[in-house]
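Here's a quick briefing to read alongside the model. Have the viewer open and follow the topics in turn.

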Amino acid sequence: VLANPTGNADSIARIEKLLAEELTVTGYGHFGDGNVHLNIVDLTPDHRHSQYLKTNLSSRIYDHVIAKGGSVSAEHGVGMQKRKYLAKSRSHEWLSLMKGMKQLMDPNGILSPYKMFVD
């Protein structure tokens, strides 16, 4: 995101070229209810942008979604990649309820072990 694009035509052109040649960005999903999946793919043969996308862009996107009242996960669950962001969009009480439900439904911890609420 460019905070002040005035006079930055060269930077904008480089970003557009990067997006056209090295990354693809696709939004898809359940637009009617606001549940949108964002998929950003590093198209470079050596995946040189992948680490930046994982460590920087993802958290910026999640922070933006949370600031707008959204959540980092919806119907498919949190899994491994979004686990650290869940507490940003859900209260301590909500997470405690989720943990209690997990313990009730899976007392032996055999369903999706090591995904969430691992003690």
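Helices here are DSSP runs of H or I with at least four residues, strands are runs of E with at least two, and both are numbered from the N terminus. Keep in mind that this is a predicted model, where local features need pLDDT of at least 70, side-chain atom pairs count only at pLDDT 80 or more, and totals for chains, interfaces and linings use all residues. Residue numbers start from 1 along each chain as its sequence is written, and side-chain values use heavy atoms, with hydrogens and water left out.

**Helix 2**

- With 18 residues at 1.5 Å a residue, helix 2 should span 26 Å, and its end C-alpha atoms are 25 Å apart, which agrees; the expected span is 1.5 Å times one less than the number of residues.
- There's a bend of about 35 degrees in helix 2 at Leu 57, taken as the angle between axes fitted to the seven residues ending there and the seven starting there.
- Leu 53, Ser 59, Tyr 62 and Ile 66 are buried in helix 2. Buried means under 20% relative accessible area, exposed means over 50%, and partly exposed is in between (1.4 Å probe, protein chains only).
- The cover over the buried residues of helix 2 includes strand 1 (23-30), strand 2 and helix 3.

**Rings and a charge**

- One aromatic pair turns up in a search of the whole structure. Its members are Tyr 62 and Tyr 85, with ring centres 4.5 Å apart and planes at 55 degrees, so the pair counts as tilted.
- For reference, rings of Phe, Tyr and Trp (its six-membered ring) pair if their centres lie within 6.5 Å; planes under 30 degrees apart are stacked, over 60 edge-to-face, and the rest tilted.
- This pair links distant parts of the chain: Tyr 62 sits in helix 2 (residues 50-67) and Tyr 85 in the loop between helix 2 and helix 3 (86-89), 23 residues apart. Both Tyr 62 and Tyr 85 are buried.
- Elsewhere, Arg 90 has its charged end over the ring of Trp 94, 4.7 Å from the ring centre. That label requires NZ of Lys or CZ of Arg within 6 Å of the ring centre and within 35 degrees of the ring normal.

- His 47 lies in the loop between strand 2 (35-42) and helix 2, and has a positive phi of about 55 degrees despite not being a glycine. Most residues other than glycine have a negative phi.
- His 47 is partly exposed, at a relative accessible area of 46%.
- His 49 is found in the loop between strand 2 and helix 2 too, but it counts as buried, at 18% relative accessibility.

- Met 80 is in the loop between helix 2 and helix 3, and it counts as partly exposed at 45% relative accessibility.
- Leaving aside residues up to four places away in sequence, Met 80 touches Tyr 114 and Lys 115, where contact means heavy atoms within 4.5 Å.

**Whole chain**

- The chain has four helices and two strands, in the pattern α-β-β-α-α-α along the sequence.
- Of its 119 residues, 16% count as buried.
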